[in-house]
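The exercises below concern salt bridges and the parts of a chain that they join. Please work through each task with the sequence and the model in view before reading its solution.

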Amino acid sequence: MSDALSSLRLPWKIKMILSAISLGTDICCRSDVSVNRFLANFLDFKSPPLKKPKNGVKSFDTTVDSSRNLWFRLYTPTTESTSQSLPLIVYCHGGGFVYMAPDSKLLDELCQRLAREIPAVVISLNYRLAPEHRYPCQYEDAFDILKFIDNNASAIEGFPPNVDLKRCFLAGDSAGGNIAHHVILKSGDHEHRELEIIGLISIQPFFGGEERLESEIKLIKAPLSTIDRTDWYWKAFLPEGCDRDHPSVNVFGPNSTDISNVRFPATKVLVGGLDPLIDWQKRYYEGLKKSGKEAYLSEYPNGFHSFYGFPELEESNMFIKDIRDFVKEQCLKKSS
């Protein structure tokens, strides 16, 4: 793994972006586990919604609860016939539970791409950020937005009539992958009115534990996701006094609960070979399989943490194809 990291060759533009994100993150994360939120917001370049079609996509913002800053951005492909039924992907963004929002430029571009290339209607949801708002706020916010969509879909601005709510996928990258997993657990004993979640798309999900796994130790110089940063994120997210074997972190660890009897959709876990979190992500996949869940793994050997956000990379295009294939397969199973 370390040899592959040393031989990784990235375009200078991507290197600059990764270096800038890393530097900005480190400056904003204070030693007392607080965040320089003013600077973090200043460095988080924003994109407005696309009220007019651009590159085959339109987008609209909807407020759910202004007191909690709960809102989402809806992406609709404009190149698809309105007679063609489209799946719905509800997306939870990453950022260590601490950074980003649906209008963050890199995330906005990714969701546009998913809407256009899957194709699907994508809803990218906002949630309160740590450390100002710790566990379980993020899970509660995401679940409440999911219920809002279920109860109000037809009244949402820009929501197309050809969305099939019975073909709904929950997705998330990094911390968003963690959130998506726990929202699935919260949905296990909840009966939605219209939504039916038939798939989970878990993109380099952020899990961990007190144990140090091989990938964490060997990939200490990997872009973005270092041990020091991930440890800081967990301290910012978890309740005071909790360690990384908390069940929100180590989902199949010593303090976790058995999910064998929990209603859980087919899951696609996508991992990168140069991500220090890969061993935890593979443990997650194996834990799902051992719990009797339908789970699939896609690995990109040269994929660093968040590689999918750079469409110029070959691995990013493979990533989109694998998600497209998973969505198509699950939709076909649903219709058969």
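**Exercise 1.** State how many salt bridges the structure holds, and trace the parts that the pair R68 and D144 ties together.

*Solution.* The structure holds 27 salt bridges, a salt bridge being a side-chain nitrogen of Lys or Arg within 4 Å of a carboxyl oxygen of Asp or Glu. This is a predicted model, in which local features need pLDDT of at least 70 and side-chain atom pairs count only at pLDDT 80 or more, while totals for chains, interfaces and linings use all residues. Residues are numbered from 1 along each chain as its sequence is written, and side-chain values use heavy atoms, with hydrogens and water left out.

Next, take the pair itself: the side chains of R68 and D144 meet at 2.9 Å, N to O. Because R68 lies in the loop between β1 and β2 while D144 belongs to helix α5 (residues 137–152), the contact ties together parts that are 76 residues apart in sequence. Helices (H or I, at least four residues) and strands (E, at least two) are DSSP runs, numbered from the N terminus.

Finally, consider accessibility, where buried means under 20% relative accessible area, exposed over 50%, and partly exposed in between (1.4 Å probe, protein chains only). R68 is partly exposed at 22%, and D144 is partly exposed at 23%.

**Exercise 2.** Decide whether R73 and D108 are buried or exposed, and locate each residue.

*Solution.* The side chains of R73 and D108 meet in a salt bridge of 3.1 Å, N to O. R73 lies in strand β2 and D108 in helix α4 (residues 105–117), so this pair ties together parts 35 residues apart in sequence. Both R73 and D108 are buried.

The strand can then be placed: β2 (residues 70–77) pairs with β1 (residues 57–65) in the antiparallel sense over eight bridges, where pairing requires that DSSP finds at least two bridges between two strands. V57 stands opposite P77 in β2. Four residues separate the strands of this hairpin, and N69 takes a positive phi near 55°.

**Exercise 3.** Find where E294 and K333 lie, and name the residues that shared partners join into one network.

*Solution.* The side chains of E294 and K333 meet in a salt bridge of 2.5 Å, N to O. E294 is in the loop between α9 (278–290) and β8 (295–300), whereas K333 is in helix α10 (residues 314–335), and the pair links distant parts of the chain, 39 residues apart. Salt bridges that share partners join D65, R68, R128, D141, D144 and K147 into one network.
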